[in-house]
Amino acid sequence: MQAATVISAPPPVITGSRVKLVNYYYSAATAPIKKRPLLQFSCRRTLMATASPSPPSVGTAPKWAQKTIILPAQSRGCHLVTFKILREIAQDLSGFKCGLAHFFLQHTSASLTVNENYDSDVRDDTETFLNRIVPEGSSAPWKHTMEGPDDMPAHIKSSMFGCSLTIPITDGKLNMGTWQGIWLCEHRDEATPRRVVVTLNGI
């Protein structure tokens, strides 16, 4: 006869205010042959007085605002446009205490970035860097030349800096550092006005 094997322990058997844990022994044929209490202890039932749950506090629902602004055509180079943008969105921006402002440039030959807002030499030096790192002209290796020698370099520069920015909003203002400003980097020789979609979200 094979030795009995413990397969599993079922849930406790509860009778009144007593809890009895029972261990069942099974044979190889899985027929129960013996059960034996392993542990027995008292269980007091305690009624807890609970206060009625208070209603959840009602918070301020997030809100949204969106506006497309048009920046006038600029010469090739990097331009500080913070004040031009703020002038267009000031009224909407003032309604947000905390949130995010997203700026999306709808073009592939210009870009947006955040950088120095004081010394214009920084913008000039950045344009010098871009022109040195991305060659143009007859010696450049680009295949896409149908829109002029500055077009393909403009696409590359646009992807380098990107076409979108996200800036925090605090107490109705863009929360940038003291020396930070928004740049529009124009990468074409003969530019057109540029559209920027501004989306505000917060409370």
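Colleague: Which residues is G172 in contact with, leaving aside its neighbours within four places in sequence?
Modeller: This is a predicted model, and in it G172 sits in the loop between β8 and β9. Setting aside neighbours within four places in sequence, the contacts of G172 are L93, S94, F96 and K97.

Colleague: Is G172 buried or exposed?
Modeller: Buried means under 20% relative accessible area. G172 has 15% relative accessibility, so it counts as buried.

Colleague: What is the order of the strands in the open sheet of five strands?
Modeller: Strands of a sheet pair through backbone hydrogen bonds, either parallel or antiparallel. Here the pairing is antiparallel. The edge strands, each pairing on one side only, are β4 and β9 (173-174). Read across, the order is β4-β11-β6-β8-β9.

Colleague: How many bridges join strand β4 to β11?
Modeller: Strand β4 covers residues 63-71 and runs antiparallel to β11. One of the pairs is W64 with its bridge partner N201 in β11. The number of bridges joining β4 to β11 is nine.

Colleague: Over how many bridges do β6 and β11 pair?
Modeller: Strand β6 (residues 98-105) is also antiparallel to β11. Within β11, V197 stands opposite F104. The number of bridges between β6 and β11 is seven.

Colleague: Why is strand β11 largely enclosed by the rest of the structure?
Modeller: The strand spans residues 194-202, and a residue is buried at under 20% relative accessible area. β11 is largely enclosed because, of its nine residues, the number buried is seven.

Colleague: Which residues is I85 in contact with, beyond its neighbours within four places in sequence?
Modeller: I85 is among the residues with the most contacts inside the largest nonpolar core. With neighbours within four places in sequence left aside, I85 is in contact with I69, L71, F103 and I182.

Colleague: How far apart in space are A110 and K157, C-alpha to C-alpha?
Modeller: A110 is placed in strand β7 and is buried, because its relative accessibility is 0%. Not counting residues up to four places away in sequence, A110 touches L105, S158, L184, C185, E186, H187 and R194. A110 and K157 are 47 residues apart in sequence, and their C-alpha distance is 7.5 Å.

Colleague: What is the relative accessible area of Q74?
Modeller: Q74 lies in the loop between β4 and β5 (77-80). Residues up to four places away in sequence aside, Q74 touches H79, K84, L184, E186 and A191. Q74 is buried, as its relative accessible area is 17%.

Colleague: Which residues make the nonpolar surface patch of about 280 Å²?
Modeller: One member, M160, lies in helix α3 (residues 151-161). M160 has 39% relative accessibility, so it counts as partly exposed. The patch is made by F129, I133 and M160.

Technical notes
Residues are numbered from 1 along each chain as its sequence is written. This is a predicted model: local features need pLDDT of at least 70, side-chain atom pairs count only at pLDDT 80 or more; totals for chains, interfaces and linings use all residues. Side-chain values use heavy atoms; hydrogens and water are left out. Buried means under 20% relative accessible area, exposed over 50%, partly exposed in between (1.4 Å probe, protein chains only). Helices (H or I, at least four residues) and strands (E, at least two) are DSSP runs, numbered from the N terminus. Two strands pair if DSSP finds at least two bridges between them. Patches are made of residues with over 30% relative accessible area and no salt bridge: like charges are joined within 9 Å, nonpolar side chains (Val, Leu, Ile, Met, Phe, Trp, Tyr) within 5 Å. Accessible areas come from the Shrake-Rupley method with a 1.4 Å probe; for residues, only the protein chains shown count as cover. A salt bridge is a side-chain nitrogen of Lys or Arg within 4 Å of a carboxyl oxygen of Asp or Glu. A nonpolar core is a set of buried Ala, Val, Leu, Ile, Met, Phe, Trp, Tyr and Cys residues joined through side-chain atoms within 4.5 Å. Contact means heavy atoms within 4.5 Å.
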